[in-house]
Amino acid sequence: MSRLLKICFLLISANHAEIIHSQSSEDLPPLLHKALEEIITGKYLNALLDILNFQSSNVWTADMLTKVMAYFHAQEVMFTLSSLQMSIQSYLKNLLYQPRQLLSEFQQLDQQQFQTAMKYLFNSKKEHLETGNIILDWDDTRERIFQSPGVNRTLFLVTLDKCFLALSALDCVDILSQVLHVSAVNYLQPDVIGSLPDILLEDAFRNLSSLFKDLYDKTSANTQRALYGWMKQILQKSYNRSDFNESTSWVSAESLWILGRFMVHLPLEEILKISLSEIRLFISYDNATKQLDTVYDITPELAQAFLERINSSGFDMRNTSTIYRLGLLVCFYDDLEQMDAAVARALLHQMIKCNQLRGFQAEVHKLKSQLLNIAMQNQTLNDTLGSLSDAVVGLTSSQLESLSPEAVHNAIATLNQVSGWAKSQVMILSSKYLSYEKVLSFHNVSQMGALVTGISTQSLYSMNPGELSQLIRGTTSQHLSDLSPAQQQGILRKIAASGDFSSSVKEIQGAFFKEVSLSGLWKQTGYSSSVMKEKELRRSQALYLYELLSKKNYPVDLLSTGQLVKGVTCQLIESMGTDIFLNNFKFFEMNLHLLSPYQVNCLAWKFWKVSNASIPPFLLLVLPSEYLEFVSGPLCVPFIESLGKTEMDLLNPGHHKRNAVLQKVQECLNGSVADEYDVDLLGNLICHLPPAFLQGRVSLKAMATALHQFKLCQQLSHEQKTEIKYKLLELYGSSNNWTAATTLDVGPFIALLSKEEVNVLAEKFPDIILQIAKTIGPVSSAEELLSTVFQSVSNATANTPSSLTTPDCLGTRVPSSDEIIKLAEANIFWSDQELKCMDPGTFDKNVELLGTVSGFNNSQLTALKEKAKQVWGLLPDWKSYHIVSLGRIALALTEHEIQELDLHSIDTVSVLSQQTEWTLTQARSILEGFLEDSGQTISTLKSFDLVGLGAILCALNSTEIMSIRTAEFSAAVARIGLLVCSTPVLRQFKKMTESVFGAATSWNGSVLQEIGTIAGGLNEDELKAFDKTLMPYFQPAAVRHIPPEIFQALSPEQIANLGPENAAMVTGSQREHLDASQLQSLRLALDGARTSPPEAQSSAGSTQEVQTPAPGGAPCLSSFGIWLCAVFTLHLPF
């Protein structure tokens, strides 16, 4: 046994106490004697808790210290006194990294020790624990405990196991609440629910039920079912069995209040048996509405069963007061016969909540449409507009176009609260409202809410600059980020031209600030770190502002703003003093997601240089692969845990490095993911495990917990998904036997099942499959599933013959609105003929949705375009809102058709430019159409025109590009730098950029970041002339678009300094043009190697074995002691 660990628990010793004489245990208080025996037998946690308990009612005296020392001497326990404080901390931290061991030790605690542990963990407000002469930083230790998912799982399991026997039930519920709020979805698995107490006092049961209701959305469907079963079991016990018979239900009003959201798990037959008096009591309760507002996953059948019971219990279902009490049940209201308009409006007012339902939106849409017709009986749309709630979203463009400006003005208080508008609808309503107001002012714009996005860019630009400045500061500022880049640029350009830009810039908050150009920032003064706190920055802005502000501010003031960390260069990191760097590192760590992989690499090298012993383990990932060799033994757990809390792609985008890291992770896990503790530890890393590892090395026990984590992964490969599918089939059995809950839990992975397996599930759970299909991406990833969904929806819907009388449409089955809404991406399975024969009204209602379907092929898009021409008339008569509503359907327009459109508005063109599949000739037609219809030439274009044109600018010729006005180009250059144009176009843009920022050879890092892909237009001489330290500041997209014959001009030194992210962007054809020394440099850049200063690299070899003596000469004898010595010498950052 390690003497080091024994002395860890001599908490009550003086530093140099001398042992005077032998002492018998009879002179020691019983609890203290017990603690000392536990130290001797190695039960360190037990001893610590006994000592804490002892000192809570006893005072340490010098005499007692002497007795303790004498007792150890009598037991022949010899030691040297040193580093006790660090030793105790180290022991506790070791347990944090061994949660299974901690669980075992907790399970062996007696009742008194357990109570003491819970008291200090959950109820103690102390920042420090004083045990004899030793002071422990308890606040920090406790924070680390609650940050560790594995330890939290242990606390959860041990609380279930021991707490209800040792503490009051209310205290245990409070403890469970604290632990479960960390990661309920991982801890609350169905098998664990069986460990919940089945007998609880009423208050404790209510509190625990309330906790589970709060966590409902964080738990799996199977867990929700299990929790409902647990609640039902206890509620049934409290039910008066003497009144029980088969025709009555155990469900009382009180049961429904306690069940809350879990009421959706009641069987249909149980709901229909609920006593009418209990239903009446439940609905009469003031909280019923609040509760029914949260049943997001209720099904139509259950909702209608509740409505039927409420109706039978004596409530007037057409009384406004009753309607307001129904919560989300109104979404399934089905008694529309002889309803008057006032009731319909009351229902519509309540149905604004229905978009929160999990599915059934087609049914909701249909009901709103029916109620809309009733609400407008004997009245015009103009008269009723303000009382229709969000049902107005269902109005077609032609209905909105028929509104009078006065009606829109009068209804603006309702309209500005509605969400879910389509862009075309917002354009129509904004135009109507503003035509009534006549003058565009801050006051009338501030009344528009979300409709502000429908104001044309030209109108915003024509506003008074003072009014625009107010707009930036006022309540409308929350909607500014929803404006298009062209609209935002219009506002900025007008304010900039007014001379009041300096004060206005300071008022711009959030993402809107990113639209301010770099050259615009250069012209302003008066920046401060406090002004930057609420702004989002582009990297070019941050680089400029950090350098500017660092002249008059301390690093802590700049780094604490968050966004400014984007502007910290490697040179700045390198120049920081050791203390300043270490003290401010937390700001980098907190904002890791804002840093580039190059910046993280610089941080890692700096940390290695100043304190390699305490480097945060995740930084080893970005250093060259050989540094991963330092990760072993005691460093494994902190390494995996820290990586699991970050996104590996953000740290290092290179695939070869990722493979080395994953190999190290597998080594650290001893080659397998054994259980839920390993899943907790892996965190986000689970998304990167290779398919072969998933196949053979992930246990089924771990898989149940891992499923939720896999569903969060953004970029699983097909091979990974396939292995996950096989694991799920192994875990849950044949999909033919899956329950509704299991189907929901498997979620998007259903797309990997065979067509036959999906068909079986679609027959059993059509609504669930429909719900899952809505969350699936493009058709390529889920063709079988979407095909099944299409077949399922088609079979469930009565055939709708075409209303068109043309011979080719007679008898053709056509899409209905219901089907289009339900199908979403699965609409791709309509034939060209079916789309062509669609009812005109159906097309008009659903054109926006059809325009978002990513999988339509050219012939389907053409059929829909022809339908648009049939419904809206001749192309020259199409309004801007028609063109905008087309989405991808616009891609079917020919060059000649585009020329016929009215493209005078930059807002229309801006929406068209968002499509990425235009041919060059189509783009040229859009450009020429805009210039002709707006009466402009290239030389008169404003910056907001350039921004609105977007990708259409790639169709400009050399002469046209050079005629763009410099001031307008400089304001729009960051947006232009996002475009992927041909090399000749990029070369012309590069020439224009020189007119703004000077000769290319004079550009600095912030300029390179600002111009983006335009840097792909540099020639050989210009590229060679760049200092190697500027290479990381090329945007990754720019590196990819440098032609291979130009890229090969880079020197090996320049390539070595590209940084990991830019190096990962180098294409295969660029590589083919490189020689051996250049390729070697590219490998160095990918690996995160440091190319300067040279002395830094030599430190890698000199630190491979850290053999610093343990502090105070503490001995390192056993394996456990060696671990602690490693902790002492490496100073792990716990």
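Start by selecting helices H7 and H8: Tyr120, Leu121 and Phe122 in H7 meet Trp138, Arg142, Ile145 and Phe146 in H8. Contact here means heavy atoms within 4.5 Å, and helices are DSSP runs (H or I, at least four residues) numbered from the N terminus. This is a predicted model, where local features need pLDDT of at least 70, side-chain atom pairs count only at pLDDT 80 or more, and totals for chains, interfaces and linings use all residues. Residues are numbered from 1 along each chain as its sequence is written, and side-chain values use heavy atoms, with hydrogens and water left out.

Sorted by type, the residues of the H7–H8 contact are six nonpolar, no polar and one charged.

Now show H3 (residues 44-55). H3 has twelve residues and spans 17 Å from its first C-alpha to its last, close to the expected 16 Å (1.5 Å times one less than its number of residues). Is H3 covered or open? Mostly covered: twelve of its twelve residues are buried, that is, under 20% relative accessible area with a 1.4 Å probe, protein chains only. Among them are Tyr44, Asp50 and Gln55.

Next, pick Trp230, Leu266, Ile298, Phe306, Ile750, Leu785 and Phe989: of the 342 residues in the largest nonpolar core, these touch the most other members. A nonpolar core is a set of buried Ala, Val, Leu, Ile, Met, Phe, Trp, Tyr and Cys residues joined through side-chain atoms within 4.5 Å. Helix H10 (residues 169-187) gives this core its largest share, nine residues. Apart from this core lies another, of 14 residues, including Ile39, Ala47, Met64 and Val68.

Definitions and conventions:
Buried < 20%, exposed > 50% of the residue type's maximum accessible area, 1.4 Å probe, protein only. Helix = DSSP H or I, 4+ residues; strand = E, 2+ residues; numbered from the N terminus. Nonpolar A, V, L, I, M, F, W, Y, C, P; charged D, E, K, R; others polar.
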